[in-house]
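Here are my notes on the model you sent over. Have a look at the fold first, then read on.

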Amino acid sequence: MAPDVDVLAALKLARGANGRQSLSTVMSTLLPARLAKYVADKHGASGHLADMSDKVLVRVVNAVSDWAIKPAGTEGYRTAEVTLGGIDTRDLDSKSMEAKAVPGLYFIGECVDVTGWLGGYNFQWAWASGHAAGSAV
Ligand SMILES: Cc1cc2nc3c(=O)[nH]c(=O)nc-3n(C[C@H](O)[C@H](O)[C@H](O)COP(=O)(O)OP(=O)(O)OC[C@H]3O[C@@H](n4cnc5c(N)ncnc54)[C@H](O)[C@@H]3O)c2cc1C
């Protein structure tokens, strides 16, 4: 978070200028206020800046600058929008979508092992491969 800011320098500067401020007040100029308070509280930095050692500031800064998210899981098929896996593209002719091993058999779209980012690429693939196969047939 706050990728373009030297957070440690900003906190040290604020500590020198007005040590009676709370760390979360200063951090709220860099992050949303509730998030700033959460980070400060979580790292035991809820008092005045003047009372905080460099060690405490570094701990907070690490939490901000090296913030990591570990997903707890997925929402499963209920909200799934695209599938991985399927018929190997190496077994299909890339222009006609015809199976190399079985002339006259075509595969397109979702059943082929092609997976796009969300945002229209899967529709594009389904339609484009369908068009290619339809034209070939
Ligand atoms: C909730 C959701 C949101 C999505 N949003 C996006 C998006 O925003 N942008 C994007 O690019 N992609 C999106 N996708 C992915 C996209 O919809 C698919 O990649 C695309 O529709 C695949 O097209 P398709 O024709 O290959 O397969 P499908 O659209 O799945 O069509 C297969 C058809 O075959 C029929 N069928 C199955 N078995 C048989 C059978 N035995 N006999 C006869 N018919 C059969 C099915 O009923 C179905 O109509 C989304 C998917 C989901 C589920």
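1. Starting with the surface: the chain exposes about 9500 Å², and carbon and sulfur atoms supply 57% of that area. Areas are Shrake-Rupley values with a 1.4 Å probe. Keep in mind that this is a predicted model, where local features need pLDDT of at least 70, side-chain atom pairs count only at pLDDT 80 or more, and totals for chains, interfaces and linings use all residues. Numbering starts from 1 along each chain as its sequence is written, and side-chain values use heavy atoms, with hydrogens and water left out.

2. On burial, 23% of the 137 residues in the chain are buried (under 20% relative accessible area, 1.4 Å probe, protein chains only).

3. Secondary structure is quick to describe: five helices and zero strands, running α-α-α-α-α from the N terminus on. Helices here are DSSP runs of H or I with at least four residues, and strands are E runs of at least two. The chain's radius of gyration is 27 Å, well over the 14 Å from the globule rule for 137 residues, so the chain is more spread out than a compact globule. That radius is taken over C-alpha atoms, and the rule is 2.2 Å times the number of residues to the power 0.38.

4. The C-alpha trace spans about 80 × 25 × 20 Å along its principal axes. The domain assignment (automatic or from a database) gives domain 1 (7-65) and domain 2 (78-136), with 52 Å between their C-alpha centres.

5. As for contacts (heavy atoms within 4.5 Å), residues 24 or more positions apart account for 59% of those with a separation of 6 or more.

Terms used. Buried < 20%, exposed > 50% of the residue type's maximum accessible area, 1.4 Å probe, protein only.
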